[in-house]
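Look at the sequence and the model first, then follow the text from the pockets to the sheets and helices.

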Amino acid sequence: MSDSNAHRLPTDTDDGLLLIISGPSGVGKTTITRGVERGVPDAVFSVSATTRPQTSADVEGVDYHFVTDETFEAMKARGEFLETAGIYGKKYGTPRAWVLEHLRRGRLVILEIDVQGAIQVKKQIPDAYSIFVLPPSEAALLDRLQGRRREDEAAIQRRFAAAKSEIELARSCNLYNLSITNDQVEPAIAQAIGAVNLERARRRASKK
Ligand code: 5GP
């Protein structure tokens, strides 16, 4: 038995796929991401490390690993991140070893990361499959940002401007395999799951 087979579990497959989901703030991408995670039996969600403060909506170890700036920098220096990004002055990073291990085991590994992170990941793992979630319109996005009542108007306008540049960057970098418009959440989730299943079937067929 070869070394790689020695560590193979009965649940392992050759079906590993890295799925990147991006989209501007307020577009509802977390709902879509979690919907895909629930809807695909072998899906796992990559929990990023971040230096941003934990909110009452966040669960440590489920949504993020909340770390200090010092810890983040030490992890980065040890090469523990597949990619990192600075967003609104805070740092975010994807755990390299965890992602690679689950891909090796054949899972659907989901990263919910921004466009700058997606660009870095695609350089290292070119066969990653990526989805960009769009709002039905700019007006709808502004409505959603205001409806969250998380921030004051100035902060909302800053997020709105950042969201518009994120959409522009996503268009110009030509990296995303698919754009999904989140008009209604359930059809958007179904569209994402359908695309992932099709992509995996296509890859399985091309290996035969
Ligand atoms: P929030 O702080 O609102 O949860 O996330 C802010 C932004 O950071 C979102 O666009 C989210 O997708 C992105 N993000 C979360 N984790 C990571 C990560 O590890 N890397 C990158 N590049 N972006 C991330």
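Helix α7 gives the most to the lining of the largest pocket, with seven residues. Helices here are DSSP runs of H or I with at least four residues, strands are runs of E with at least two, and both are numbered from the N terminus. A pocket is found on a 1 Å grid over the protein atoms alone: it is an open set of points where a 1.4 Å probe fits, with protein on both sides within 12 Å along at least five of seven lines, and its lining residues have an atom within 4 Å of a point. The model is predicted, so local features need pLDDT of at least 70 and side-chain atom pairs count only at pLDDT 80 or more, while totals for chains, interfaces and linings use all residues. Residues are numbered from 1 along each chain as its sequence is written, and side-chain values use heavy atoms, with hydrogens and water left out.

The volume of the largest pocket is about 1,400 Å³, where a volume is the space filled by probe spheres set on the grid points, which are joined across faces, edges and corners. Of the 44 residues in its lining, Arg-52, Tyr-64, Tyr-92, Arg-150 and Arg-159 are the closest to the centre. At least two lining residues come from each of α2 (29-39), β5 (81-87), β6 (90-95) and α7 (153-173). By class, the lining of the largest pocket holds 15 nonpolar, 14 polar and 15 charged residues. In this classification Ala, Val, Leu, Ile, Met, Phe, Trp, Tyr, Cys and Pro are nonpolar, Asp, Glu, Lys and Arg are charged, and the others, Gly among them, are polar.

The second largest pocket contains about 200 Å³ of space. Its lining includes Asp-14, Asp-15, Leu-103, Asp-127 and Lys-207. Both β1 (17-22) and α8 (185-207) supply at least two residues of this lining, and the largest share, three residues, comes from α8. Here the classes are four nonpolar, one polar and six charged residues.

The strands come next. Five of them form an open sheet with parallel pairing, in the order β2-β7-β1-β8-β9; two strands pair if DSSP finds at least two bridges between them. At the edges are β2 (43-45) and β9 (178-181), each of which pairs on one side only. Neighbouring strands of this sheet are turned against each other by 25 degrees on average, direction ignored. Angles are taken between N-to-C directions and run from 0 to 180 degrees, with axes as lines fitted to C-alpha atoms, for helices over the stretch in contact. Three bridges in the parallel sense link β2 with β7 (residues 108-112), and Phe-45 has Ile-110 of β7 as its bridge partner. Helix α2 lies across β1, β2, β7 and β8 (129-134), running at about 170 degrees to β7.

A further open sheet has four strands in the order β4-β3-β6-β5, with mixed pairing. Because β4 (64-66) and β5 stand at its edges with a single partner strand each, one side of each is left without a neighbour in the sheet. The twist from one strand to the next averages 25 degrees. Strand β3 (residues 48-50) runs parallel to β4, joined by three bridges, and Ala-49 stands opposite His-65 there. The pairing of β5 and β6 is antiparallel, over six bridges. These two strands form a hairpin with two residues between them, and Tyr-88 in the turn has a positive phi of about 50 degrees. Five of the seven residues of β5 are buried, buried meaning under 20% relative accessible area with a 1.4 Å probe and protein chains only. Helix α4 (residues 96-104) lies across β5 and β6, at about 30 degrees to β6.

Pro-135 sits in the loop between β8 and α6. Pro-135 is buried, with a relative accessible area of 11%. Beyond its neighbours within four places in sequence, Pro-135 is in contact with Pro-24, Val-27, Leu-141, Ile-167 and Thr-181; contact means heavy atoms within 4.5 Å. In α6 (residues 138-147), Ala-140, Leu-141, Leu-142 and Leu-145 are buried. The buried residues of α6 pack against α7. After α6 comes Arg-149, with a positive phi near 50 degrees.

Terms used: Buried means under 20% relative accessible area, exposed over 50%, partly exposed in between (1.4 Å probe, protein chains only).
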